[in-house]
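Thank you all for making time this morning. Please have the sequence and the structure open while I talk.

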Amino acid sequence: MYNFGRMKIRSQKREGNKVILEVEEDYSLFESATQQAIAAAGKEIRIPGFRPGKAPRDMVERTLNPEYIENKAAQRLAADLYSKIIEES
């Protein structure tokens, strides 16, 4: 799904068996996840004058709250990166 770049992972051990991981990855992956989130949302929302899933991408993007798009993209990217993060750390 994504072409993973050179991921940077920093970890901080906490008490017990807890660890905080900071992950840094190329911004292009977030942009790709953003485009996928917009496409997925375009299939779900209804825009007057268009059949579901047929509205132009720019119209879908204007209709959606930017924070919603960013949150969905971050969730999608985190889910996709999770196994790679665990594998590398």
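Predicted model: local features only at pLDDT ≥ 70, side-chain atom pairs only at ≥ 80, totals over all residues.

Residues are numbered from 1 along each chain as its sequence is written, and side-chain values use heavy atoms, with hydrogens and water left out.

Let me begin with the two helices, where helices are DSSP runs of H or I with at least four residues, strands are runs of E with at least two, and both are numbered from the N terminus. Two packed helices are described by the angle between their axes and the distance between the axes. Here helix H1, residues 27–44, packs against helix H3, residues 66–88, at an angle of about 115°, and their axes lie 8 Å apart; axes are lines fitted to C-alpha atoms, for helices over the stretch in contact, and angles run from 0 to 180 degrees between N-to-C directions. H1 is therefore roughly perpendicular to H3, a term that covers angles of 65 to 115 degrees.

Which residues meet there? On the H1 side they include Leu29, Phe30, Ala33 and Thr34, and on the H3 side they include Tyr68, Ile69, Lys72 and Ala73, with contact meaning heavy atoms within 4.5 Å. By class, the contact of H1 with H3 has 12 nonpolar, two polar and three charged residues; Ala, Val, Leu, Ile, Met, Phe, Trp, Tyr, Cys and Pro count as nonpolar, Asp, Glu, Lys and Arg as charged, and the others, Gly among them, as polar.

Leaving aside neighbours within four places in sequence, Thr34 is in contact with Ile69 and Ala73, and the C-alpha atoms of Thr34 and Ala73 are separated by 4.7 Å although they are 39 residues apart along the chain.

On the other helix, Lys72 is found in H3 and, at 36% relative accessibility, counts as partly exposed. From C-alpha to C-alpha, Lys72 and Ala41 are 9.3 Å apart in space and 31 residues apart in sequence.

Finally, Thr63 has its place in helix H2, residues 57–63, and is partly exposed at 48% relative accessibility. Not counting residues up to four places away in sequence, Thr63 touches Ile45 and Ile47.

Note on methods. Buried < 20%, exposed > 50% of the residue type's maximum accessible area, 1.4 Å probe, protein only. Parallel < 35°, antiparallel > 145°, perpendicular 65-115°, else oblique.
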